[in-house]
Protein chains: 6
Amino acid sequence: MTVELKKPRIGRAADALRPVTITRRYTRHAEGSVLIEFGGTKVLCTASVEEKVPPHKRGSGEGWVTAEYGMLPRATHTRSDREAAKGKQSGRTQEIQRLIGRSLRCVFDLAKLGERTISLDCDVIQADGGTRTAAITGAYVAAHDAVSWLIAQGKLSSSPIKDAVAAISVGIVDGVPLLDLEYTEDSACDTDMNVVMTAAGGFVELQGTAEGVAFTRKEMNALLDLAEKGIGELLAAQRRALEI
Amino acid sequence: MTVELKKPRIGRAADALRPVTITRRYTRHAEGSVLIEFGGTKVLCTASVEEKVPPHKRGSGEGWVTAEYGMLPRATHTRSDREAAKGKQSGRTQEIQRLIGRSLRCVFDLAKLGERTISLDCDVIQADGGTRTAAITGAYVAAHDAVSWLIAQGKLSSSPIKDAVAAISVGIVDGVPLLDLEYTEDSACDTDMNVVMTAAGGFVELQGTAEGVAFTRKEMNALLDLAEKGIGELLAAQRRALEI
Amino acid sequence: MTVELKKPRIGRAADALRPVTITRRYTRHAEGSVLIEFGGTKVLCTASVEEKVPPHKRGSGEGWVTAEYGMLPRATHTRSDREAAKGKQSGRTQEIQRLIGRSLRCVFDLAKLGERTISLDCDVIQADGGTRTAAITGAYVAAHDAVSWLIAQGKLSSSPIKDAVAAISVGIVDGVPLLDLEYTEDSACDTDMNVVMTAAGGFVELQGTAEGVAFTRKEMNALLDLAEKGIGELLAAQRRALEI
Amino acid sequence: MTVELKKPRIGRAADALRPVTITRRYTRHAEGSVLIEFGGTKVLCTASVEEKVPPHKRGSGEGWVTAEYGMLPRATHTRSDREAAKGKQSGRTQEIQRLIGRSLRCVFDLAKLGERTISLDCDVIQADGGTRTAAITGAYVAAHDAVSWLIAQGKLSSSPIKDAVAAISVGIVDGVPLLDLEYTEDSACDTDMNVVMTAAGGFVELQGTAEGVAFTRKEMNALLDLAEKGIGELLAAQRRALEI
Amino acid sequence: MTVELKKPRIGRAADALRPVTITRRYTRHAEGSVLIEFGGTKVLCTASVEEKVPPHKRGSGEGWVTAEYGMLPRATHTRSDREAAKGKQSGRTQEIQRLIGRSLRCVFDLAKLGERTISLDCDVIQADGGTRTAAITGAYVAAHDAVSWLIAQGKLSSSPIKDAVAAISVGIVDGVPLLDLEYTEDSACDTDMNVVMTAAGGFVELQGTAEGVAFTRKEMNALLDLAEKGIGELLAAQRRALEI
Amino acid sequence: MTVELKKPRIGRAADALRPVTITRRYTRHAEGSVLIEFGGTKVLCTASVEEKVPPHKRGSGEGWVTAEYGMLPRATHTRSDREAAKGKQSGRTQEIQRLIGRSLRCVFDLAKLGERTISLDCDVIQADGGTRTAAITGAYVAAHDAVSWLIAQGKLSSSPIKDAVAAISVGIVDGVPLLDLEYTEDSACDTDMNVVMTAAGGFVELQGTAEGVAFTRKEMNALLDLAEKGIGELLAAQRRALEI
């Protein structure tokens, strides 16, 4: 594929997020249900509460938070095969759902959650780059709603959520560090980094990959600066959404 | 589960459809993309055009129309396992996607379509009964949009679509024949029938199942009367949506 | 495939069944073992009793009746792949075995059966059209034998079978409604309908499919008349077989 | 399971086969179709001709002979799970079908067969010990019929079959060497050996297994004497069947 | 592949084993860990003790001994696909691991082992013929070490091992019976036999296969003479290794 | 699991690697075969050359470099299930093999490699932390040997390798940044980071994960300092190994 992007992005500053929309109660049945949009990327994140835990947690007194990720076959430019029909999830899918699960568990006090599971299903309705970071950011809001439901039901007396968490992608395209890559930028970039941070300012996950050319320490620092800025704005968007 | 429904439905006549909404161009990438809603049931139907056909059609000069069906894990009251994670599609899923495919092929002139495939992906975002009939009704509109795209692209000179097709469920609940069952009615019904018809008034598919008590010829006729009425209204809704 | 069938069938009236043979105790180990033949179609139906139920029935006091369907690789004109070797059952196989299971459960009082399972294995030894309807008709006899065995063993004091059940296919070939389609007729037909009825005269399952041309209400009524006649004869054949 | 068998077998000499029945043209569609019975063991062996070869033979000018083995779920005393439903063939099934395939290939001149495949499907209808040896013995007759069909069709001018092949099980039960073990003997035996031989008198396959107690060279020789006698009788039965 | 081997082997007598090396404690974590080498064939055999048994042994008071076999993708001349990536074990792999398991169980008193499992993992690091016989011979030593560990831990008071077991391949190449075939000989051989024997001199498993030409009773006897000689030497090598 | 590690590591400085051993030509058949040891972690890395490319590279004139990762069942403290027997690779396995593949491709000029594939199989013989970083470091040496073989065979005139690549893990344990975590440290750490760098000093991959407590920018910088030091030493070890 020939992707040409000789100039910095047009119509959006290098350090600007795409418009972020967080719609709570998007579907009816789940304890938490959030549609999150990062520009043209739309991910439905539902949080489901089940009063049981996987085998490795049984009898521990602790709960579990886990995630699954999927992409509708025509969320992308060209139709991709349905994983259910192929009979297996791709390595990419598994990598992403493991990342979402770890990121969310990091802000949960599992003992305080009690022996129950919160399952976060992140299904991409439309993809335009950054689906995994949108998924983490939206899943946090859905998980928060599920916890509120548990408290309202009298099943929990206080929240096991210790901190907020959000994620963004950053990358270097034609030598220019950019925040929140959309699909055409992602395809053209030299370095791609996904950053997950808490509201307290710490890093939870950091995954940087050089596509072709290795990146320097200095470039990485520029990218982390951008990511910190973007995540600050996402955390604010989460707070606003949860106040409604 | 104890479902009590001693009286006919409240707030909707026995022969009334739930509110039907058809939203075209719901997502960006597919050649046809339709969100169809039958009350609380919401199904995203995308139509994807590929310039190739499955092995049994290669070299035949004919095209193919096929469908896949999926349900997001938390589209339902309780979370169901993700089929991609389990590594296989259930018998129910396969039954439904075969039904959708046959229903749509019935209104296509495959020779006129030429050696290309239209794949209809029907993904249930929220379920409240009647997902398969909503999927067929919405898939027709998505397929129509994909054909218009093919014509606009100059790949087809005229439409290979011979007729319109829509589907509805009917059933007997506590002795009362009802049109367009929602989930609580579906769970309580004695007989459940899915009917697929064309605009020309013929039956394409008919699937009736007695849940517990067998049904009589007379009951069946009452159900078919209801179905014909409902499908007439759905065909009108499809026409209105396509005019926009 | 070019199938030409310009005239009504030769050597058999349009409303005549093929010769039906029901051989009980066909194999030695099963609690019920029936070879049923509809002309050239031969299906071995065994009923196996197990003193346990699937998870969704445990502790309910109710039993379960289920079915599996298979086709030997060379039951057909050309060899089909062995499903065990491919590692999955086709959608068609799953659709058929679900139909058989529902049809048989409809005539069972599951509470009266007690917490045990009757598994009906329907394996096609030779196929010439109508394998699913032969399977249902034969499985009823095998299930009846398994129940007699349970009574003879003192495990049941009376039969949980509420009614008899049988099934037949009907279809329209070149405009002529025909009873009990054989393979060449099935391949050439415009409409194909499988009908499952009880001895009490009710419908249990009805599955009609238009192959190409949609069918009218009038045609459907003609087909149901044929089906009622044929099923009456099949129920008589079952009774005779069980008297031996 | 407690199997007691303190005395030599009753009603059959230690060196006697069970009654052997070979029924050709048992089903209608296959190029060769044989029901073989060794007492209560009944295996349907079909031979299917396909005008293509697996990848490793393409362009070699040579044909291929292969086998698949299956057991109907209730061929046995207690129902075993259907391999197609489980989604995989057991190690035992694969071991047996590889054995059948090797045994049959040993008597074929694959170059003379030409680039086509003969698939031997051996499906156990009823099991009472010795299913794999019955399968090999029956598959030979089915393969012979398929070759006669190829000659009759003018696709082959002479037979690629170089020799006949048959197989039998032998074993030591309570210290007594026995020919052609039935199920209760097989369960009680110390040593179990499956022997495959050609009409020319050579060994094609030999598989001996000690169940508990190792066996001596002398015991093995006694078993091979029995096997040679039994296989001689099976080869005669094959010849008689093929003369009809 | 053209393998020419017109003369008896060079540099090794027809009745000579390749150099045998048995290295205990090859890896750190397993209760028994043995690298066994038969010339260029290198197999890592680990024995793992688990304090549980498979379902068919639960509550029986008896233990279980089982084996799994694998081949690293590039253990062979050309890379073979990784079975974990393909999602299934080949028939050959299953056949071999079942053989190893049966061979080892034959020398174990399972009641004396108690309700625990010894799993023998035999992974081929480098293949040059005879991998299954090396695996059995090495697995015995690993199992012995695992039993010694159980005794040292106070979990067993005496050994449940009743006898030693070892295995070797023999074959006829160009009419010459040879002991311990290496890969080029194995590829060229007419007959290939794997023999498993105990120290007490009995046969546990015997698997002979004619590759092309059937073998005579006399040839089989010559091969068994060779195998007995070779296994005697392997049993001595096992004893020496265990004395260290 | 309770892992207590209140003090900095004993017997090794916080910024010291474990002893590194690189053994080339470890097995016989592969074009490159390297056993790499980081202390108790032992990984066999083989490089296999195949004169074909995967579908997405066919006709492109470019080659491909890919990797697969596996762990012998008893490489670890307790036996883990064999992935080939389970029928699927875990998410962890897929994540690791994708990481190895990307890391190696980063130092290859794929056009210069020509239309052929180098497959890197990294199989863990013994695990004690850091298996993925050892795998990358060893796979580079194996790939280098495979390229030398291609040049020696006259298939390449110059090397398509643009730079060397190596990897190391770093982490924070009880507040102390440590280089090259062994298993007990890895289990106890707050933050775990895998770093992949080229000899030219650039980053290729960076994967940091907070286990429990998020990490700060300052901590990350301390970890990267350690990683740069360690990778420098590994690159030197690779050079020494390749000089032999």
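Predicted model: local features only at pLDDT ≥ 70, side-chain atom pairs only at ≥ 80, totals over all residues.
In strand E9 of chain E, Gln207(E) is the bridge partner of Gln207(D). Strand E9 of chain D, residues 203-210, is joined to E9(E) by five bridges, and the two strands run antiparallel.

Chain E contributes 31 residues and chain D contributes 31 residues. Together the two chains bury an area of about 2,500 Å², and carbon and sulfur atoms supply 46% of that area. On the side of chain E, the residues that lose the most area to chain D are Glu95(E), Phe203(E) and Arg217(E), which together make up 26% of what that side buries.

The polar and charged interactions may be considered next. Between chain E and chain D, 18 residue pairs are in polar contact, with both residues at pLDDT 80 or more. The interface also holds six salt bridges. In one salt bridge, Arg98(E) is joined to Glu95(D), and their closest N and O atoms lie 2.7 Å apart.

Which elements of chain E give two or more residues to the side that touches chain D? They are helix H2 (91-105), strand E8 (191-198), strand E9 (203-210) and helix H6 (217-243). The largest share, eight residues, comes from E9(E), the strand that is bridged to E9 of chain D. By residue type, this side of chain E consists of ten nonpolar, twelve polar and nine charged residues.

Conventions: Residues numbered from 1 in each chain as written. Chains lettered and ligands numbered in written order. Heavy atoms only, no water. Contact = heavy atoms within 4.5 Å. Buried area = accessible area lost by both parts, 1.4 Å probe. Salt bridge = Lys/Arg side-chain N within 4 Å of Asp/Glu carboxyl O. Polar contact = N/O pair within 3.5 Å; in protein donor to acceptor, adjacent residues only side chain to side chain. Helix = DSSP H or I, 4+ residues; strand = E, 2+ residues; numbered from the N terminus. Nonpolar A, V, L, I, M, F, W, Y, C, P; charged D, E, K, R; others polar. Pairing = 2+ DSSP bridges.
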